[in-house]
Protein chains: 2
Amino acid sequence: MGIEDIPSTHPRAQSLNMRHALIQGVKDGIVADSGLIAHGRGEAFDYLIGERTNKFAEDAIEAAAALLFLAKKPIISVNGNTAILCPKEMTEFSNSTGIPLEVNLFYRTGSRIENIAKIFHSLGSKYLLGTDERQQVELDGFDSYRRIVDKRGIYQADVVVVPLEDGDRTENLVRMGKKVVTIDLNPLSRTSIAASITVVDNIIRFFPLLQEKYHSLDKERAEQVIDNYDNKVILRKSLETIASLWKEELDKKYSMFHS
Amino acid sequence: MGIEDIPSTHPRAQSLNMRHALIQGVKDGIVADSGLIAHGRGEAFDYLIGERTNKFAEDAIEAAAALLFLAKKPIISVNGNTAILCPKEMTEFSNSTGIPLEVNLFYRTGSRIENIAKIFHSLGSKYLLGTDERQQVELDGFDSYRRIVDKRGIYQADVVVVPLEDGDRTENLVRMGKKVVTIDLNPLSRTSIAASITVVDNIIRFFPLLQEKYHSLDKERAEQVIDNYDNKVILRKSLETIASLWKEELDKKYSMFHS
């Protein structure tokens, strides 16, 4: 079956459509080749958490909403994969909260930045940083192009949301004293371990729920959520859930196939 | 760090080099875009089994060697990813055993077949099928181009080795009465569940060990191995191993990061 012929009733339709969109994104100069490999890793881990927002993720998303609610200078980092997978949801969240988005790329080229910015602008994004060369500064301690940041954004931020991230960056940002929220489907990645809040969930499910949680908070409730949050507990729960889903799934598949 | 600058001492050097080679393989018309996503899924699952050949995989590889040893018409399927990841090892095994390789592609184009065949011919591959249109026949029950097979190869084979596979094909081949050996890093994939022998291991570790096991067999020993082999037991062991590695890894990473 060609990828263009996927009926919407196909049990894997959403997953196949995401693949298709990302492959097209490579051809359009938005997604890096290695973004496809990264997406594959994400697919595998999403499968392991049952392709749903589990309780451990919901709790982390609530904490992320609270941290952003209380932050003085929050920022959300954007790359090629996010620009394909959930640009509308990111724009809605950014526009409704005033929290800016910043294009920040590992495989940085001028045309990729431009292509990504175009997507967000066409969706009506009001607060998009990382596209104006005059605002660029470089962070210390980074080997990659990730070091080039916007001085109004990641540079001075106290809270940084880094979806689909490389481990080096998260560790560096934390070392600089910033709080980092990551959305990473692998609960054992360096990013997941280093982050202040780790949302083990698919980014396409993350932003709609973040939006909902954020707008239902007030200052007192947000402080309470942060006080009660322990990322280590959340990561452990994610691992326990994966281990138990894993066994369930095997039993189910076996009985289907060998009946 | 650019992917070209990976020092061989880098702890992820092999993994990063494979990524690099596959991305180049896309540019060279050998690997399908979706092959990169599939590789990413493989990376995630390889990580979960500790990036090594575990006992459950070694047992399955021994059984695969025995099945091939006893087969009347064995065949090994080749695609773009295998042509990049382990063409030398596949050629060595094929040449030393007389078991042919057959190019069989999901995203089939004449130029991809040609580019893949070129790689194997340049390595001295003596038994390469799937490139001669006059030998093509179509199998029933396949929606994809996988249905186009070589009548001297997959068509009449009793044992088919399908590395890095789509689930549809494996199920169909089994339904046709063929024995299928798969090398699949996801022990819960449809392919893994449907196959006669499932090697949960990275293909780059598979062929050297298959070579070694095959050449140490005789008929009596091969029959004994097959008699004692239970794929369901092997899959369960792989799952148990993953679950326990999973917990170990978390404890290790946490103590490193929070010391």
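Buried area is the accessible area, taken with a 1.4 Å probe, that two parts lose on being put together, summed over both. By this definition, about 4,100 Å² is buried between chain A and chain B, and carbon and sulfur atoms give 71% of that area. The model is predicted: local features need pLDDT of at least 70 and side-chain atom pairs count only at pLDDT 80 or more, whereas totals for chains, interfaces and linings use all residues. Residues are numbered from 1 along each chain as its sequence is written, chains are lettered from A and ligands numbered from 1 in the order in which they are written, and side-chain values use heavy atoms, with hydrogens and water left out.

The relation between the copies comes next. The same surface serves both of them, since 100% of the contact residues of chain A recur in chain B. With contact meaning heavy atoms within 4.5 Å, chain A contributes 44 residues and chain B contributes 44 residues.

The interface can also be described by its polar pairs. A polar contact is a pair of N or O atoms within 3.5 Å; within protein, one must be able to donate a hydrogen and the other to accept it, and residues adjacent in sequence count only if both atoms are side-chain atoms. Eight residue pairs across the interface of chain A and chain B are in polar contact, both residues being at pLDDT 80 or more. On the side of chain A that touches chain B, helices H1 (13–27), H2 (33–48), H8 (190–194) and H11 (231–257) of chain A each supply at least two residues; helices here are DSSP runs of H or I with at least four residues, strands are runs of E with at least two, and both are numbered from the N terminus. H11(A) gives the most to this side, with 15 residues. By class, this side has 22 nonpolar, seven polar and 15 charged residues, where Ala, Val, Leu, Ile, Met, Phe, Trp, Tyr, Cys and Pro count as nonpolar, Asp, Glu, Lys and Arg as charged, and the others, Gly among them, as polar.

Salt bridges occur between the chains and within them. The term denotes a side-chain nitrogen of Lys or Arg within 4 Å of a carboxyl oxygen of Asp or Glu. The whole structure holds 30 salt bridges over all chains, and four are counted between chain A and chain B. B:Lys27 forms a salt bridge with A:Asp33, with the closest N and O atoms 2.9 Å apart. Within chain A, A:Glu43 forms a salt bridge with A:Arg19, the closest N and O atoms being 2.6 Å apart. This pair links distant parts of the chain, 24 residues apart: A:Glu43 lies in helix H2 and A:Arg19 in helix H1 of chain A.

Finally, chain A has an open sheet of six strands in the order S3-S2-S1-S6-S7-S8, with parallel pairing; strands pair if DSSP finds at least two bridges between them. Strand S3 (128–129) and strand S8 (197–199) of chain A are the edge strands, each pairing on one side only. Three bridges join S7 (residues 179–183) of chain A to S8(A), the two running parallel, and A:Val181 stands opposite A:Ile197 in S8(A).
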